[in-house]
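Notebook open, viewer open. I'm jotting things down as I look them up.

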Amino acid sequence: MRTYLVTVVTNEGATRFPAIHAGAAEAIQQAMALFPSARAVGAKPMRTHAAG
């Protein structure tokens, strides 16, 4: 499991939140389920010390 910084872009703006998943695809899939109106979704691994 890794911590990913997920970025979701909607018509209202961008939202970023940390998420713990086995892979980036899993993190993106969850974000798409949470934000069905998302125009773009991305996930980048966070550095361990930044993940808290």
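Predicted model: local features only at pLDDT ≥ 70, side-chain atom pairs only at ≥ 80, totals over all residues.

First thing I wanted to know: in which sense do strand S1 and S2 pair, and over how many bridges? I found the antiparallel sense, with nine bridges between S1 (residues 2–10) and S2.

Next, the whole sheet. I get three strands in an open sheet, ordered S2-S1-S3, with antiparallel pairing. S2 (13–21) and S3 (40–45) are the edge strands; each has a single partner, so one side of each has no neighbour in the sheet. The twist from one strand to the next averages 20 degrees.

Then I stepped back to the chain order. Reading from the N terminus, I have β-β-α-β-α, that is, two helices and three strands. Helix H1 (residues 24–34) lies across S1, S2 and S3, and I noted an angle of about 145 degrees to S3.

I also looked up threonine 10, which lies in strand S1. Buried or exposed? Its relative accessibility is 11%, and the cut-off for buried is under 20%, so threonine 10 counts as buried. Beyond its neighbours within four places in sequence, threonine 10 touches Phe35, Ser37, Ala38 and Arg39.

Last, overall numbers. The C-alpha trace spans about 30 × 20 × 10 Å along its principal axes. I have 23% of the 52 residues down as buried. Accessible surface: I wrote down about 3700 Å², with 55% of that belonging to carbon and sulfur atoms.

Note on methods
Residues numbered from 1 in each chain as written. Heavy atoms only, no water. Pairing = 2+ DSSP bridges. Helix = DSSP H or I, 4+ residues; strand = E, 2+ residues; numbered from the N terminus. Axes fitted to C-alpha atoms, helices over the stretch in contact; angles between N-to-C directions. Contact = heavy atoms within 4.5 Å. Buried < 20%, exposed > 50% of the residue type's maximum accessible area, 1.4 Å probe, protein only. Areas by Shrake-Rupley, 256 points an atom, 1.4 Å probe, with all protein chains shown as cover.
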